Amino acid sequence: MAKTYTYYGGNDLGAVYTKQKTAFRLWAPTAERVRICFYTEGHGGDAIEVKEMVAHEDGTWTYVKSGDLHKLYYTYLVLVDGREQETNDPYGKATGVNGRRSMVVDLEATNPKGFDKDHGPAVAKETDIVVYEISIADTTADDSCGAKYPGKYLGLTEHGTKNADGMATGLDHMLELGVTHVQIMPSYDFGSIDESKPEVPQYNWGYDPVNYNVPEGSFSTNPFHGEVRIKEYKQMVQALHKAGLGVIMDVVYNHTFDIENNCFQKCVPDYYYRMTETGYSDASACGNEVASEKPMVSKFIIDSLKYWVTEYHIDGFRFDLMGVLDIETMEKAAEELRKINPDIIIYGEGWTGGPSTLPDEKRCLKMNTPKYHGIGAFSDDIRDGIKGHVFNLEETGFVNGKEGLENDIRYSVVGATYHPEVDYDAYTYSTGPWAKHPVDTVNYVSCHDNLTLWDKLTISRPDASIEEKLAMNRLAASIIFTSQGIPFFLSGEEFARSKPVEGSDELSENSYNLPLYTNSMKYDELTKHRDLYDFYRGLIAFRKEHNGLRLGTTEEVQQAVHFIDELPKNVVAFTVETEKETLLIVYNANPKAVVIDLPQTAEWSIYIDGDKAQTKALRKLTKKNSQVEIQGISCLAAVCE
């Protein structure tokens, strides 16, 4: 007999705390009985009390306990089909160590001083932001960072940290660099690290969700007491906001960790997952995929996102494997989140890790971007066009030696939008433009996945010298920061970050569970590659100064961006003409310098040239100059005076 799944639309699922009482409500419509267990500790020991919950409206079960229950731990005993299992609360907001027991929490008591006035930066349009991807552990754990709280939430609150040569690290490094937003890799409670053993070296990226509404305990100074991680997470957000940085949270609503022991499965078996005739659909490539289109799953995802925005003041979300999630849920989430914060940033991976039972036209795939509004997608087009395909390690792209990619680079320069000067029939990757507007496109050349940019250049061009690879790196970054769309880059890219595997000559392309030896930011490399770091700083500053590089609509891009024809091979050049100024941008992927005609007789000031990028003119061209030379493997950017 088919099971009946009712819908509960209330906002009181989980534990609703007051100092006088706490009301518990669990949605478990197929349960025969539900009991609630109370514990004094987050792990170990027997329950001090077990109470029957009462069947209530729309498949929910309730219990109210009098008194101030702050820091009291609890679980549910759910009986379904004659089998009783103990579980944490799917809507739990705090947990004990390793997230097995939920905890009642007075959230107001976890607020740092002044947190009620905390908020992130205003955003006029998404293309104004510069996103820097970090991991909490990677960013401050290495000795070269000099952090007092290495690898912890509090490590990202510290000012004044420096490497051995006195260069800023951690938070101050990000501020010097000039980024506007940090995208933090998974920081909700995940399952792959044993929080009860903080003395044991452990590492994981955290794409294995357990408690979606609880911060990860291994990043806190005390994972055994549920309130500590909450307060320290808020301190981290507050510190980043005070520094002027927005906080984007990497979220993984596409699958869960350890399905048989997951709270969703124990409470309502098989409801939260997409099924096939033989088992679980697996578009996540992690063993299951969440059925976001089901009413109570959609509600959970939206409620969870709203909670992070209201309680932790998160400024945006990056969705892992967003292509697994359904469009309707994502659109509703965007609508609800913008009611709370109109400046919210939402984007994700517009692909999946495998086939899904949900039809393509209903999913948040990159090709469906024009169907929805205000949700961006990563551009694998620009990523692979610049440096070669991520899954073919030896393959090269525009900057590292592959020829015939000029049209592909044009496609990316206009942010994957429609432009009459791009030949879409000849384009390598996608069929036609996929972005409705450039604000829908997130441009990047490296992220936590796959090889770092530096390692990709090393493997694809083993013949290249350090100087040549640095030139390729600079050109790659130049394309990202002078293209239309939202620029995004991996932390450490600005000082040639590498991920070596300890004890071998191998470079890791999937370092998700490798130790900090491979993953941590080595800030001593910052000194070694100071010129590259300064180049990135200059690129970011130049982009911020010129609105023509940050256009918000396709119509603006079509009117402003014009490509120059009749160029040497492996060269892309274009102008950006706005009411206030005219820019000239040229990419030369040839090893040797090229000379091109200037688009108009005028005085030009050059701001990006070779290994230099800044907001003060490097040199000027007078009206007598009809041509300009672009160095080998480099970008030139000039402004018409």
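Helices α5 and α6 run roughly parallel to each other, because angles under 35 degrees count as such. The model is predicted, with local features requiring pLDDT of at least 70 and side-chain atom pairs counted only at pLDDT 80 or more, whereas totals for chains, interfaces and linings use all residues. Residues are numbered from 1 along each chain as its sequence is written, and side-chain values use heavy atoms, leaving out hydrogens and water.

**Packing of α5 and α6**
- Helix α5 (residues 295–312) packs against helix α6 (residues 327–340) at an angle of about 25°, with the axes 10 Å apart; helices are DSSP runs of H or I with at least four residues, and strands are runs of E with at least two.
- Axes are lines fitted to C-alpha atoms over the stretch in contact, and angles run from 0 to 180 degrees between N-to-C directions.
- The crossing of α5 and α6 is right-handed, that is, the near helix is turned clockwise from the far one by less than a right angle.
- On the α5 side, the contact (heavy atoms within 4.5 Å) involves Ser298, Ile301, Ile302, Leu305, Lys306, Val309 and Thr310.
- Thr329, Lys332, Ala333, Glu336, Leu337 and Ile340 contribute from α6.

**Packing of α10 and α13**
- Helix α10 (residues 466–482) and helix α13 (residues 530–545) pack with their axes 10 Å apart, at an angle of about 15°.
- This makes α10 roughly parallel to α13.
- α10 and α13 also cross in the right-handed sense.
- Residues at this contact include Leu470 and Phe481 of α10, and Phe535 and Tyr536 of α13.

**Ala464**
- Ala464 belongs to the loop between α9 (453–460) and α10.
- With 11% relative accessibility, Ala464 counts as buried, a term that denotes under 20% relative accessible area with a 1.4 Å probe and protein chains only.
- Not counting residues up to four places away in sequence, Ala464 touches Lys469 and Met472.

**Nonpolar cores**
- The largest nonpolar core has 163 residues, of which Phe24, Met174, Phe317, Phe319, Phe398 and Tyr587 touch the most other members.
- Helix α5 gives the most to this core, with 10 residues.
- Another core, of 17 residues, lies apart from it and includes Leu584, Ile596, Leu636 and Cys640.
- A nonpolar core is a set of buried Ala, Val, Leu, Ile, Met, Phe, Trp, Tyr and Cys residues joined through side-chain atoms within 4.5 Å.

**Strand β13**
- Strand β13 (residues 209–215) is largely enclosed by the rest of the structure, because 7 of its 7 residues are buried.
- Strand β12 (residues 188–190) pairs with β13 in the antiparallel sense over 3 bridges, where pairing requires at least two DSSP bridges.
- Pro215 in β13 is the bridge partner of Tyr188.

Key. Buried means under 20% relative accessible area, exposed over 50%, partly exposed in between (1.4 Å probe, protein chains only). Angles under 35 degrees count as roughly parallel, over 145 as roughly antiparallel, 65 to 115 as roughly perpendicular and the rest as oblique.
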